[in-house]
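Grab a viewer and work through these exercises. Each one has a task, followed by a solution in steps.

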Amino acid sequence: MTAVVVAQDELRLTAHPLQRAGAYAIAALAKAGHPHAVTSDQFQRVIRTMIGDLVATSTVVKGSAGWYLKGLSYTLWPNCALHYKSKCTPAGIATWRSAPPVEEWPDAPCSLCGRPACAWYGNVDIPMGASVEHRNTTAPDHQGTPLCFPCVSSFHALPYVFTAGGGLLYGVHSWDEEFMARATRSAVPANRRNMALRRDLKRGGGFFAVEFAALRALRWWDRRITAGVQAIQFSNNTRDMKFHVEDMGQPLAEWLRSTASDSGRRIGFRYLAQSQASAKVPGLRMLAWRAFNQPAQIPARATGWIRDQISESGRIPAAVPHLAPLVRTYLTEVLHVLEKDVGHVTTVARRIADVVTTNDDKSLKKFVVATRRPNDLKSWLRSEIAGWARKRPADTASDPFISVAQWRVLFDAGNSSWSARELLFVAVFEELCTRGATVEATDETTTDDDFKTLDTNDLEES
C-alpha cells in the first residue's frame, strides 16, 4: 500500500483538457517545468497553499478584497464546504481538500488515469467535460466518478489557470506541452492577484475574452507551436451549466504566432487587425474570435477593407504594401492554396498590373470593383482579353492575357477558387507596389488599446 500512496502524489496528464490545465497550474505553483517534474514534497506544498487560499477567502465579506475565490466557488464547486457554516472552517475545508484515509479508498480505478481511486466524486469537485446535454450530476443510486487524489486536485487547481468573469471561467488549452506550460505560468500569477485584490466577478474581460487570451498567448510564444489551441469556457453552476470549446488548428496557430516573431509581418498584422473591426468590437478582439470561428473570413475581411478604401479614394492605401503580402501568407500557409495555383495566379496578376498601370487612372478602381463578385471579375477579364493582343508589350507576344488553366483555377476549381481569387487580388497589389505604385501617405495603423496588452510580454518564468 505504501507504493500506492507514493504514486498518489504523482501528477499525470490525461485526455481531459481541464484536468491537464489544472495539472499545469499545480506545476506552475510548484515552480516546476512540467507536471511530471512535480515532486511529492512540491505537490503536498501546493495542496497546502490551495487550502490556505480557501481558508483565507472563507471569512471575507462579499465584495471585499480577497472574496474572488469564494465568489468563484459558486460557479466551479456548487455545494462545497465554503457554502455551509458547519463546514466552512479551516478543518472542514482541509477535510474537503485532502485525500481520504487509504483504508476508505474504493476498489475502483481512477476514471482518468487508471490508478487506484481515493474516493467517489461528483460535481462538487468535477467540472463539466462535455456539452450541456451531458448533465454534470450523479445519477440516483450511483456513487459518482472514481478519481485519484492528483487528478481531483488538478480540477481543484483550475482557478489558478482559468479566469472568472461574466458567470464563466475561461482559459486556453493546447496539446503542445511546452506552449501549455508557459501559457499557464503566465495565467497563474494574474489569477493569484485576482484572489488577493477586489476583483469583480461580473466583469467578463471584454469582448471575446477567451479568444483574445489565446491570441495573446500565441503572440508571446517564441518558438514553433506543434499543436492547435483550444479556447474553453465553462460554468459548473448547477442552475446554469455550460461547457464550450473552440478549436484553432495548428497552421493558423503557428501563423498567428509568426506575426509577432517575424518583423516583416508585424506591421501588416496591425493593419490586419484594423480591417477586422466591427461597429462595436475592436479589431484585435474580432480577429481573435474569427480565428476560432470563421478563419476563412479573415482574409476576406482584409481584402474587403482594401476594396472599400480604394473605391472611396481611387488610390492605394498605405496599408497595402504591408497587408497584401501578409494576406498572401495566410492564404498559402493557413488555407493551403496549392503552389501550382500560386504560380498561375501570380502570372495573371502581372498581366493585370500591366493593364492598370498603363491605362487611365480609373482602371485600378474598375478592377477593384470587379473583384467584389466572381461574375463581375469574369466580365472584366473578358473585356481585357479582347484588347490584350494589340496592347500587350512586344516581349509577351506569345503569351495570352489569361490561359485556360489559369481561368480554371480562378473560377472552376470549386471552393479553392475563392482562395485563388483572394490571392489574385493581393498579388496584383504586391506587383503594383513592387513597380513603385504611389500609396496614400496619410493612412495610419490602428490605435487599438488592446495592442498595449497584446504586445507586452510579462510572462513569468518558473
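**Exercise 1.** Work out what percentage of the chain's residues count as buried, and how many helices and strands the chain has.

*Solution.* Start with burial: in this predicted model, 53% of the 462 residues count as buried. Finally, look at the contacts between residues at least 6 apart in sequence: 74% of them join residues at least 24 apart.

**Exercise 2.** Describe how helix α3 and helix α6 pack, using their axes and the residues that meet.

*Solution.* Two packed helices are described by the angle and the distance between their axes. Here, the axes of α3 (residues 40-58) and α6 (residues 149-156) come within 12 Å and cross at roughly 40°. For handedness, the crossing is left-handed. Now the side of α3: Phe43, Ile47 and Met50 meet Phe149, Pro150, Ser153 and His156 of α6. Sorting the residues of this contact gives five nonpolar, two polar and no charged.

**Exercise 3.** Find the largest nonpolar core and the residues with the most contacts inside it.

*Solution.* The largest core has 78 residues, and Phe269, Ile352, Phe367 and Phe429 have the most contacts inside it. Helix α18 (residues 416-434) gives the most to this core, with nine residues. Zoom in on Phe367: leaving out residues up to four places away in sequence, Phe367 touches Ile352, Val356, Leu377, Trp380, Phe425, Val428 and Phe429. Then look elsewhere: a second, separate core of 62 residues includes Phe43, Trp67, Ala119 and Phe243.

Terms used: Residues are numbered from 1 along each chain as its sequence is written. This is a predicted model: local features need pLDDT of at least 70, side-chain atom pairs count only at pLDDT 80 or more; totals for chains, interfaces and linings use all residues. Side-chain values use heavy atoms; hydrogens and water are left out. Axes are lines fitted to C-alpha atoms, for helices over the stretch in contact, and angles run from 0 to 180 degrees between N-to-C directions. Helices (H or I, at least four residues) and strands (E, at least two) are DSSP runs, numbered from the N terminus. A crossing is left-handed if the near helix is turned anticlockwise from the far one by less than a right angle, and right-handed if clockwise. Contact means heavy atoms within 4.5 Å. Ala, Val, Leu, Ile, Met, Phe, Trp, Tyr, Cys and Pro count as nonpolar, Asp, Glu, Lys and Arg as charged, and the others, Gly among them, as polar. A nonpolar core is a set of buried Ala, Val, Leu, Ile, Met, Phe, Trp, Tyr and Cys residues joined through side-chain atoms within 4.5 Å. Buried means under 20% relative accessible area, exposed over 50%, partly exposed in between (1.4 Å probe, protein chains only).
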